[in-house]
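Hi there,

Here is the structure I promised to pass on to you.

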Amino acid sequence: MDKAPMNTAPPTSGTMRILILGGTGEASALVRSLAGHADRAVTLSLAGRTAAPKPEPVPTRIGGFGGAEGLARYLEAEAITRLIDATHPFAARISANAARAAALTGVPLLAIRRPAWSREPGDDWVEVDRMEEAVAALGPDPRRVFLTIGRQEAGAFAAAPQHSYLARTVEPLGGILPVPHLTALEARGPFDAASETALMRASRIEIVVSKNAGGAATYGKIAAARGLGIPVVMVRRPGKPDVPSVADAAGARRWLDAGDHAGSSTLRAV
């Protein structure tokens with residue numbers, strides 16, 4: 001794994017050294033708002049699941065830390081003074097590692113947790129907890145499925161090869177989903193409701209499979225399915241540690257600006 005070299009110089013007095021665990025729009029927005037501030041030394045960490053991540057204006061490291069203990073060692077070696085978990089809502093393992101590493105080191109931790117999507121009038125959702133349940137929810141009869149769950153878990157749907165899949169991912173699917181009827185679409189959001197409606201109509205989609213990622217960037221498919229009367233198999237979010245959290249980058253910026261005075265009142269103000 002390609003990792004950024006550790007900084008060997010001690011932090012300048014008064015400089016806040018921030019590690020942001022990223023890979024989301026919220027992480028990108030926070031990084032860009034902090035870049036160029038002399039009193040903020042920011043490092044962005046990405047898991048490395050995207051081959052060509054969007055460049056950001058701060059030092060960026062790629063790859064894992066070696067579990068919670070490895071992250072704790074990194075926090076200590078780099079003299080990190082603030083840790084922000086801005087990972088994807090479904091990145092449960094790194095969030096658990098961040099909480100454990102913060103507890104081991106005493107480094108203050110904040111999570112950015114965007115609100116989940118909520119069912120609205122006209123939505124036809126089947127909510128499930130695991131991807132295997134999403135596969136089963138498609139039923140035995142062949143259907144035209146819009147698969148919008150990302151690359152990593154797409155392979156689960158090989159267990160239901162009777163369906164015709166339109167699978168949209170950021171990275172190429174490769175051979176992960178070996179089914180006879182597959183159209184692979186590589187695209188990076190945001191996606192608006194109008195374009196999603198046109199895509200679903202052109203592909204004659206009968207059902208959508210989605211993770212409940214929340215946020216505006218990919219909500220277009222949910223709004224489009226509602227408008228077209230198409231059901232959605234919605235995979236619920238995994239559980240995450242109970243740590244201080246905010247809903248967006250602006251809330252995280254306020255927490256950082258509060259410094260050592262950050263507390264429950266700061267979070268309530270978000």
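The mean pLDDT of the protein is 90, and 90% of its residues reach 70 or more. Residues 1-12 are the stretch to treat with care, as pLDDT stays under 50 there. The model has 20 contacts beyond four places in sequence for that stretch. Where pLDDT is low, the predicted coordinates should not be read in detail.

Six strands form an open sheet with parallel pairing, in the order 3-2-1-4-5-12. Strand 3 (60-62) and strand 12 (245-246) are at the edges; each has a single partner strand, so one side of each lacks a neighbour in the sheet. Further in, strand 1 (residues 16-21) pairs with strand 2 (residues 40-46) in the parallel sense, over six bridges. Within that pairing, arginine 40 in strand 2 is the bridge partner of methionine 16.

Helix 7 packs on it and touches strand 1, strand 2, strand 4, strand 5 and strand 12, with a direction at about 170° to that of strand 4. Helix 3 (residues 92-105) lies across strand 1, strand 4 (82-85) and strand 5 (109-112), and runs at about 160° to strand 5.

Which residues of helix 7 are buried? In this helix, which spans residues 249-258, they are Ala249, Gly251, Ala252, Trp255, Leu256 and Ala258. Tryptophan 255 has a relative accessible area of 6%, so with the cut-off at under 20% it counts as buried. Just after helix 7 comes glycine 259, with a positive phi of about 55°.

Finally, the rings. There are three aromatic pairs in the structure. One of them joins phenylalanine 157 and tyrosine 165 edge-to-face, at 6.1 Å centre to centre with 70° between the planes. Both phenylalanine 157 and tyrosine 165 are buried.

Arginine 61 lies over the face of tyrosine 74, 5.1 Å from the ring centre. The charged end of lysine 211 sits over the ring of phenylalanine 90, at 5.1 Å from its centre.

Best wishes

Conventions. Residues are numbered from 1 along each chain as its sequence is written. This is a predicted model: local features need pLDDT of at least 70, side-chain atom pairs count only at pLDDT 80 or more; totals for chains, interfaces and linings use all residues. Side-chain values use heavy atoms; hydrogens and water are left out. Buried means under 20% relative accessible area, exposed over 50%, partly exposed in between (1.4 Å probe, protein chains only). Helices (H or I, at least four residues) and strands (E, at least two) are DSSP runs, numbered from the N terminus. Two strands pair if DSSP finds at least two bridges between them. Contact means heavy atoms within 4.5 Å. Axes are lines fitted to C-alpha atoms, for helices over the stretch in contact, and angles run from 0 to 180 degrees between N-to-C directions. Rings of Phe, Tyr and Trp (its six-membered ring) pair if their centres lie within 6.5 Å; planes under 30 degrees apart count as stacked, over 60 as edge-to-face and the rest as tilted. A charge sits over a ring if NZ of Lys or CZ of Arg is within 6 Å of the ring centre and within 35 degrees of the ring normal. pLDDT is the predictor's confidence in each residue, from 0 to 100.
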